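Welcome, and please take a moment to look over the structure below. We will then walk through it together.

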Amino acid sequence: MTSFSWPSLWRGGLLTLAIVFVLSTQLLFQLGLYESWPLEAILLGWLDHFTDQLIVGACIFAAVALAGLVPVNSTPRRMALLAGAITLGAVTGEMAVMLRLPLAPDMSAAAVLAAKTARWLVIAGLAYAFFMLQREGAEAATQAHEKELQRIRLERQMSEARLQSLHAQMEPHFLFNTLANVQRLYRTEPERGRRMLSNFLAYLRAALPQMRSSETTLRQELELARAYLEVLHVRMGERLKVSFDVPAEYASLPFPPLALSTLTENAIKHGLNPLPEGGAIEISARVENGRLRVGVADTGAGLRSSSGSGAGLANLRARLAALYGEAAGLEFKANLPRGIRVTIVVPVEARPA
Amino acid sequence: MLPFWLARAGFGFLCGAVLALLEYLHYFPLMSPPSELGLDSFRALLVGYGGNGFLLALIVAAAERRARPRELRAWELAAAVVAGAVLGVLLWQGFTHFVLRDHLGLRLFTEHVGQPRMWAGALLYQSWLMLVFGGLAAAVYASRRWRARMLEALRSAEIARAKSESVLAQARLDSLQARVDPELVFRNLAQLEALYVTDLAAAERSLDELVSSLRGGTYMTDRIRRTA
């Protein structure tokens, strides 16, 4: 018997009603009933019997519900309290029924009461056990479901943490390269070195907030990509041409952090860097069918030589799946006349959970 | 193997015995004089309902065996109880009437012999009793097992959650250890940029220091020290 609650009172009442109804049908199965009485009388009698059972059932239910308010902590005491409550309810109810319809004069009221109370003890005891077991089982099921959800959430965070860790390993690489370049340029062309450094600072300025948050807008992502490409522009010079095709109204749409950087870094690393003549990168965004499509196209070495970039893209794909499920994804297409176009597709409405 | 069947059948018999007692108590005050319903009648009730319960439990146990290793579904259990109640009553009444009657000398529905309608009525009434009480008992039994399964599921979900919690903490730590602290680098680079304008030689020295300390992992260890 735990504390009081309306839903469980309601369910207990429904269970009582169902059991009372089933018990009342006993009358229809009495020996020789249909030989001795017309059907109409039998149905009226059934209704009467149902009323009797309902009175007793309601008394027992009330007694058990009241007993539930008593705080008891040991099981034997709880059982004793329950048995007492059922007995009290059954005796009260059966006495009320006897007032409604007096017994035959030669029948012993005490014997009838004892027999009926014993029967009610068995039935109500079983019903109570059924009710409590169901309730406890349902509670355990709900909690298990919650724990399962928490586990899934944790696992999603885990894949995020792993990706951040991977990204963090990528970051120092870029950092070392840039600083080494600054060092080298500084000795030969101090002005270019200075420009590279200030571009790099701009990149870090854009990147710092992203490294902490889990949701950003497309604008922040574009700024980051632009800063990154400007750093590289100093290094690669005329070998790198950059163009943006992003309508201003999409800039405030939410976009997963550092996703665009992954594509941009890939396009440079595997697309343009291997080519002595360099190439062009175009970043574009469109909304189609409720999905935001952000693409990075390069005129680089193309699909074959980009096979080494598997890890970064696979991670990005896993991260998109973790954030948006089926609704998001990565698309690969050949970029004509050469190179590759990789597109991130994310739903516009849904925010990452 | 044997304990399984024995436990089920014994439980069924016990339930039948309780039912026999309840029925006996129920009919006792209706008889006038009450002494007419003697111990003989109670024995007859005991044999009748005990046997019904015994067979009902055996039939449900057979259904459980067939379904193993999975548990019976609710509707399967309900079907088994219905089949067990009706079949059990039919089989046991046939057995007591044709076999036991002559051996134990009990009064087992002898009053119905030659009255098929009465007999059918008696079988129907017994089936009703077995169905209602057997059904209640089966519902409690199935709920017990269901609750046990749910508690077990809760326990393993808790364990799995705790496990992924610790793995996550480890992953977070790994992620921190792998990271160069960007803010620290940023501050140093900003100073470097300022130096570039004022003192080229100092800027170069500072840059060399920064690069070598990055290689030496100073920034990473520092980050760990601050977060650990």
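Predicted model: local features only at pLDDT ≥ 70, side-chain atom pairs only at ≥ 80, totals over all residues.

Residues are numbered from 1 along each chain as its sequence is written, while chains are lettered from A and ligands numbered from 1 in the order in which they are written.

Let us begin with chain A as a whole. Chain A has 9 helices and 7 strands; these are DSSP runs numbered from the N terminus, with helices (H or I) of at least four residues and strands (E) of at least two. Of the 353 residues in chain A, 31% are buried (20 or more other C-beta atoms within 10 Å of a residue's own, with C-beta atoms placed from the backbone). Among contacts in chain A with a separation of 6 or more, 73% join residues 24 or more positions apart (two residues are in contact if their C-beta atoms, placed from the backbone, lie within 7 Å).

Now look at where the chains meet. Here 62 residues of chain A are in contact with 56 residues of chain B. On the chain A side, helix H5 (109-188) and helix H6 (190-212) are the elements that give two or more residues, and H5(A) gives the most, with 43 residues. That side has 38 nonpolar, 14 polar and 10 charged residues (Ala, Val, Leu, Ile, Met, Phe, Trp, Tyr, Cys and Pro count as nonpolar, Asp, Glu, Lys and Arg as charged, and the others, Gly among them, as polar).

Next, find helix H3 (residues 39-67) and helix H4 (residues 75-100) of chain A. Their axes come within 8 Å and cross at roughly 150° (axes are lines fitted to C-alpha atoms over the stretch in contact, and angles run from 0 to 180 degrees between N-to-C directions). H3(A) is therefore roughly antiparallel to H4(A), a term for angles over 145 degrees. Residues making this contact include Ile55(A) and Cys59(A) of H3(A), and Leu81(A) and Ala85(A) of H4(A). By class, the residues of the contact are 16 nonpolar, 3 polar and 2 charged. Several residues of H3(A) are buried, among them Val56(A), Ile60(A) and Phe61(A).

Finally, turn to chain B, where helix H1 (residues 2-27) and helix H2 (residues 39-67) pack at about 145°, with their axes 7 Å apart. The contact of H1(B) with H2(B) has 19 nonpolar, 6 polar and 2 charged residues.

Conventions:
Buried ≥ 20, exposed ≤ 12 C-beta atoms within 10 Å, placed from the backbone. Parallel < 35°, antiparallel > 145°, perpendicular 65-115°, else oblique.
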